[in-house]
Every structure is written in structure tokens, then in C-alpha cells.
Amino acid sequence: MAVNPDSRNLQSELMDDPSLDDLEHRQALLGLRRVNWWSRTDSVVWHAIKTRTFPASGAGPLTILDIASGGGDLAIRLAGIAKREQRAVCIDGCDISPTAIAFAAEQAVAAGLNNVRFHLCDALQQPFPQAKYDVVMCSLFLHHLAQSDAVRLLQRMREAAVQLVLIDDLRRTAFGYWLAWLGCRILTSCHVVHVDGPLSVEGAFTTHEAHVLAEKAGLHGASIRMHWPQRFLLTWRPGQGDALEQH
């Protein structure tokens, strides 16, 4: 088995290398877009947003921050679903990679979306594009971080969220490893994705570890549910822990 269920094997991934060739980076983003489409994470995340956020009557659009937005495919898909369901949203994506930001902005323009914007931002160090959002989320980013940085990220998400925090990520399981190994090779010919996919699973958190991180970050009472393919969705609403304690 390539995955240790008792401890993470956190390694540098090819896409985390700032010297990665721009063309290779873009090819990897295209490959990941196909992988993310296959995972159907957009529908899982949208369902969580739709059932847990309640805009006041006459209020403006629901504001969403997608941290470490990469090639922008999740933000763009969410905006597309909202448009079809006639829900008003305004989505900001932020990422530390200039290549990813440029790629994502191009994809938003190609999709004809003017309510999705992408910003260059170090999510651990720099201010977010605006101080508060109704929903603050990240997908496939937590597993890139050391434990202390993961707690720091969750704290920043908690501070910025008005209604909801969402974290969607991989689970560290043997089945997840082999699924990533095989799926990445079936869905894309990109070498970067072939290497990084299984490495991501080795560096991922278990659901128990994710829950411990959430508690350390002050996301008391956060809920976690598993979904296809070997992923988890952590959700937390401000005041959720207080409500649980009262009961």
C-alpha cells in the first residue's frame, strides 16, 4: 500500500514549483479541469451552499470566495449553476500563481461570465480581495499545507465568512490513492497530473485529522461528510458550535 493510514507523507508537488514551465502549468490546469469535472465536486459544493445560506430578501448577490482557485474551474462551474437556477452570486477566486490567475480569467471570459473575478493573493499571508464574504471555501488546497498552515488557513476562513465555510478535499485512503493513480492516467495525458495526483492523496488528511484541525482553528461543531471520489466536505457556520453547546 502506498498510503500510510497513520501519518501523512507530505511532499512537494510539481505544480507547487514556481519554476514550472508556463505551458506545462497550463496543460496541468486543463488536465485537472477534466479530473474535477469527473469528480462532480461542483454539484456537492453547490448543494451545500444552496441549503445552508439564506440571503435576506432584497439583499444583493451571494458573495463567495474560492481560495486557491487554480484554473478557476470550480468557481466558473458554480457561477454557471447559479445562472441556470437564477440565483445571484458574485464569486472571487484567489491564487498565488500568476499563471493560474491568467488561465482562470481567460476561462471566465470564454464562459461569458462577468460575475467571476480572479485575484493574485497568498491566502496565508495577504488580505483577501474583500474583508467579508457570505461563503468562504477552498477545494483541493488543504492537503498542500503543513498542519500549522492548515490551521492558519482555517482561522482566516472563519474570520472572513459571514454565513458558511466549506472545505472540500481528498481523503488519505489506499483506495483513494489507486483511484487517483488510475483516474489521472485515464482522464489526462499530462505528466504533471500523473505525478501530483497520487502525491496529493499521500499528503491528504483523514476525516478525523481534518476535524481536529477545524477544532484547533475555532470551527467548533464543524460537520464532515464523505463523497465521491474518496473526498470529504467540511462545513461550518458561524455560531454553529455555540448552538450545539446550548443543546
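Tutor: Helices (H or I, at least four residues) and strands (E, at least two) are DSSP runs, numbered from the N terminus. This is a predicted model, in which local features need pLDDT of at least 70, side-chain atom pairs count only at pLDDT 80 or more, and totals for chains, interfaces and linings use all residues. Residues are numbered from 1 along each chain as its sequence is written, and side-chain values use heavy atoms, with hydrogens and water left out.

Student: What comes just after helix 8?

Tutor: Gly218, which takes a positive phi of about 90 degrees.

Student: Which residues of helix 8 are buried?

Tutor: In helix 8, residues 207-216, they are Ala210, Leu213 and Ala214. Buried means under 20% relative accessible area, exposed over 50%, partly exposed in between (1.4 Å probe, protein chains only).

Student: Why are the buried residues of helix 8 said to line one face?

Tutor: Seen down the axis of helix 8, they fall within an arc of 100 degrees, so they line one face. The arc is that of the directions from the helix axis to the C-beta atoms.

Student: What do the buried residues of helix 8 pack against?

Tutor: Helix 5 (147-160), strand 6 (223-227) and strand 7 (231-236).

Student: Why does His25 count as buried?

Tutor: Its relative accessibility is 7%, so His25 falls under the 20% limit and counts as buried. His25 lies in helix 1, residues 22-39. Leaving aside residues up to four places away in sequence, His25 touches Met15, Leu20, Ser97 and Thr99, where contact means heavy atoms within 4.5 Å.

Student: Why are helix 1 and helix 4 called oblique to each other?

Tutor: Their axes come within 10 Å and cross at roughly 55 degrees. Angles under 35 degrees count as roughly parallel, over 145 as roughly antiparallel, 65 to 115 as roughly perpendicular and the rest as oblique. Helix 1 and helix 4 are therefore oblique. Asp22, His25, Arg26, Leu29, Leu30 and Arg33 in helix 1 meet Thr99, Ala100, Ala102, Phe103, Glu106 and Gln107 in helix 4.

Student: Which residues of helix 2 and helix 3 meet?

Tutor: Thr41, Asp42, Val45, Trp46 and Ile49 in helix 2 meet Leu74, Arg77, Leu78, Ile81 and Ala82 in helix 3.

Notes
Axes fitted to C-alpha atoms, helices over the stretch in contact; angles between N-to-C directions.
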